[in-house]
Amino acid sequence: MPKNHAESASGSPNVTSEDRKRISNLKDSTYTESTLKTYRSHWGLFVDFWKERGSWYEKGIDPRPADSELVVAYLAFRAEEMAHKTVKNDVASIRWGHAKDGYRSPTNCQEVKEVMRGIRQQSSPEDGIGKRAPLMTKHIQAMVEALPLEEPSEGAGPKRRAKWLRALRDRVILLIGFASAFRGSELVEIEMEHID
């Protein structure tokens, strides 16, 4: 087993695993729930990749601290299909997965930075390396129709009403974006006063 996978998080031998868990939970409380959900999801994908690539993998072995060469291999693999922004989320989740339990993150090394610059150069804002098929009218219609249009009753409660309002907002964004052929970066700049 490679040495770096046998290493444990640095710290005082007087700090228990329960102490570390409480500290980790407090660190997580600085993130929104949606950010944590994204990090956990992306971290899980990296761990799956690590398991597949590690012939020495055994159940119960912690992937941290991860080898930087494996990290860049993972990022290059992800960049084949994912947009640069998604791969940036992968980097952030690997950093989070290490830092939350006191491990040194491999994402700070020069090799990771260089690979990320290369991914950015080869990737458009929306696509991974190479081109994807464009969304057609039927795809936009399906997305718009999947969003609830009927206004909830007065007794439905604030969560139901908020969900409906978000659906209306999402319909507007999809339709304006499609009709105007806007990129995502242009859509996010639209303000209420821009819309009649």
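Is Glu-151 buried, partly exposed or exposed?

1. Glu-151 is partly exposed, with a relative accessible area of 45%; please keep in mind throughout that this is a predicted model. The side chain of Glu-151 meets that of Arg-161 in a salt bridge, at 2.9 Å from N to O, and this pair links distant parts of the chain, since Arg-161 belongs to helix α8 while Glu-151 sits in the loop between α7 and α8, ten residues apart. Arg-161 is likewise partly exposed, its relative accessible area being 36%.

2. The crossing of α7 past α8 is left-handed.

3. On the α7 side, Thr-137, Ile-140, Met-143, Val-144 and Glu-145 meet Arg-171, Leu-174, Leu-175 and Phe-178 of α8; sorted by class, this contact has six nonpolar, one polar and two charged residues.

4. The count of salt bridges comes to four. One of them joins the side chains of Asp-90 and Arg-78, at 2.9 Å from N to O; because Asp-90 lies in helix α5 (residues 84–99) and Arg-78 in helix α4 (residues 68–79), the pair ties together parts that are twelve residues apart in sequence. Asp-90 counts as buried at 0% relative accessibility, and Arg-78 is buried with a relative accessible area of 11%.

5. Arg-169 forms a salt bridge with Asp-170, their closest N and O atoms lying 3.0 Å apart. Arg-169 counts as partly exposed at 44% relative accessibility, as does Asp-170 at 27%.

Methods: Residues numbered from 1 in each chain as written. Predicted model: local features only at pLDDT ≥ 70, side-chain atom pairs only at ≥ 80, totals over all residues. Heavy atoms only, no water. Left-handed = near helix turned anticlockwise from the far one by under 90°. Helix = DSSP H or I, 4+ residues; strand = E, 2+ residues; numbered from the N terminus. Contact = heavy atoms within 4.5 Å. Nonpolar A, V, L, I, M, F, W, Y, C, P; charged D, E, K, R; others polar. Buried < 20%, exposed > 50% of the residue type's maximum accessible area, 1.4 Å probe, protein only.
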